[in-house]
Amino acid sequence: MIRRNIPNALTCGNLLCGCIGVVEAFHNNLLLSCVLIGVALIFDFLDGFIARLLKVTSPIGRDLDSLADVVTFGVLPSIIMYQLLMQSIPDLFGIWKAYAAFIIAIFSAIRLAKFNNDPRQSDSFIGVPTPANAMLIASLPLIVHTESEMWKNIIINTNNLLILSAVMSYALVMELPLIALKFKNFGWQGNEARFILIGATVMLLATLKFLAIPAILVVYVLLSIAANVRKKQA
């Protein structure tokens with residue numbers, strides 16, 4: 001019984017990080033909220049990995065995982081974006097624009113519902129996964145905190161933040177097959193795009209630090225498009 005519930009306990013760890021992150025984000029402790037998204041990503045990886053390792057996958061575990069992801073990778077990034085928008089809006093009359101951030105939570109929920117009911121997404125993703133989207137949004141306060149004033153001016157800009165919210169919300173549900181980092185074997189053939197993505201991720205993180213996160217997402221999408229083209233030509 002305990003063995004069966006280990007993955008669910010890890011999923012609950014993901015959810016707990018999301019709940020605490022929401023509280024901290026509403027108190028404008030955005031850096032801590034971003035760190036909690038990072039911790040939740042570890043829980044999110046481990047729950048599926050351990051479930052497959054122990055062969056204890058279940059419909060309840062799948063649904064629990066999606067419910068946790070809605071909070072941690074949907075609602076929490078929306079609140080972070082809301083707080084960034086609030087910082088960027090110069091007057092009280094424009095505050096209503098900040099509520100546009102919550103389209104991220106709405107489209108994240110739609111994305112997760114589609115994932116649970118789409119048989120095409122067993123070996124790949126259709127649209128950007130919610131953890132990747134959350135990681136991108138979480139990188140913004142970290143970039144503002146660690147990079148130059150130029151980057152702060154680019155990020156803490158109402159129009160830029162609204163455009164990013166709209167683009168990433170669409171990216172969550174767009175009909176674009178994306179690579180899933182699920183290795184059936186560790187040979188090069190058939191895993192080329194996965195190995196290139198891992199190598200690019202390590203290089204970008206080593207050189208660009210938090211700026212690497214948006215760059216990694218761009219590389220991820222471009223590699224997925226290239227893999228799709230190659231698959232159609234084969």
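**Nonpolar cores**

I looked up the largest nonpolar core of this predicted model and found 31 residues, of which Ile37, Ile80, Met81, Leu84, Ile155 and Leu161 touch the most other members. For this entry, a nonpolar core is a set of buried Ala, Val, Leu, Ile, Met, Phe, Trp, Tyr and Cys residues joined through side-chain atoms within 4.5 Å. Buried stands for under 20% relative accessible area, exposed for over 50%, and partly exposed for the range in between (1.4 Å probe, protein chains only). I noted that helix H1 (2–26), helix H2 (30–54), H3 and H5 each supply at least two residues of this core. H3 gives the largest share, eight residues. Helices here are DSSP runs (H or I, at least four residues) numbered from the N terminus.

I then recorded a second, separate core of 17 residues, with Ala180, Ala193, Leu197 and Leu223 among them.

I checked leucine 84 next, leaving aside its neighbours within four places in sequence. Leucine 84 is in contact (heavy atoms within 4.5 Å) with Leu30, Leu140, Pro141, Ile156 and Leu161.

**Basis of the entries**

Residues are numbered from 1 along each chain as its sequence is written, and side-chain values use heavy atoms, with hydrogens and water left out. Because the model is predicted, local features need pLDDT of at least 70 and side-chain atom pairs count only at pLDDT 80 or more, while totals for chains, interfaces and linings use all residues.

**H3 against H5**

Two packed helices are described by the angle between their axes and the distance between the axes. I took axes as lines fitted to C-alpha atoms over the stretch in contact, with angles running from 0 to 180 degrees between N-to-C directions. Helix H3 (residues 59–88) packs on helix H5 (residues 130–146) at about 30°, and their axes are 9 Å apart. H3 and H5 are therefore roughly parallel to each other, a term I use for angles under 35 degrees.

The crossing of H3 and H5 is left-handed, that is, the near helix is turned anticlockwise from the far one by less than a right angle. From H3, I listed Asp69, Phe73, Pro77, Ile80, Met81 and Leu84; they meet Thr130, Pro131, Ala134, Ile137, Leu140 and Pro141 of H5. The residues of this contact divide into 10 nonpolar, one polar and one charged. I counted Ala, Val, Leu, Ile, Met, Phe, Trp, Tyr, Cys and Pro as nonpolar, Asp, Glu, Lys and Arg as charged, and the others, Gly among them, as polar.

**H4 against H7**

For helix H4 (residues 103–117) and H7, I read an angle of about 10° and axes 8 Å apart. H4 and H7 are therefore roughly parallel to each other. Ile103, Ile104, Phe107, Ser108, Ile110, Arg111 and Lys114 of H4 meet Ser165, Ala166, Ser169, Leu172 and Val173 of H7.

I followed serine 169, which is found in helix H7 (residues 158–173). Serine 169 is buried, with a relative accessible area of 2%. Beyond its neighbours within four places in sequence, serine 169 is in contact with Ile103, Ile104 and Phe107.

Isoleucine 6 lies in helix H1 and counts as partly exposed at 35% relative accessibility. Leaving aside neighbours within four places in sequence, I found isoleucine 6 in contact with Ile50 and Leu54. The C-alpha atoms of isoleucine 6 and leucine 46, 40 residues apart along the chain, are separated by 10.0 Å.

I placed lysine 231 in helix H9 (residues 212–233). Lysine 231 counts as exposed, at 69% relative accessibility. Its C-alpha atom is separated by 18 Å from that of valine 219, 12 residues apart along the chain.

Notes. Angles under 35 degrees count as roughly parallel, over 145 as roughly antiparallel, 65 to 115 as roughly perpendicular and the rest as oblique.
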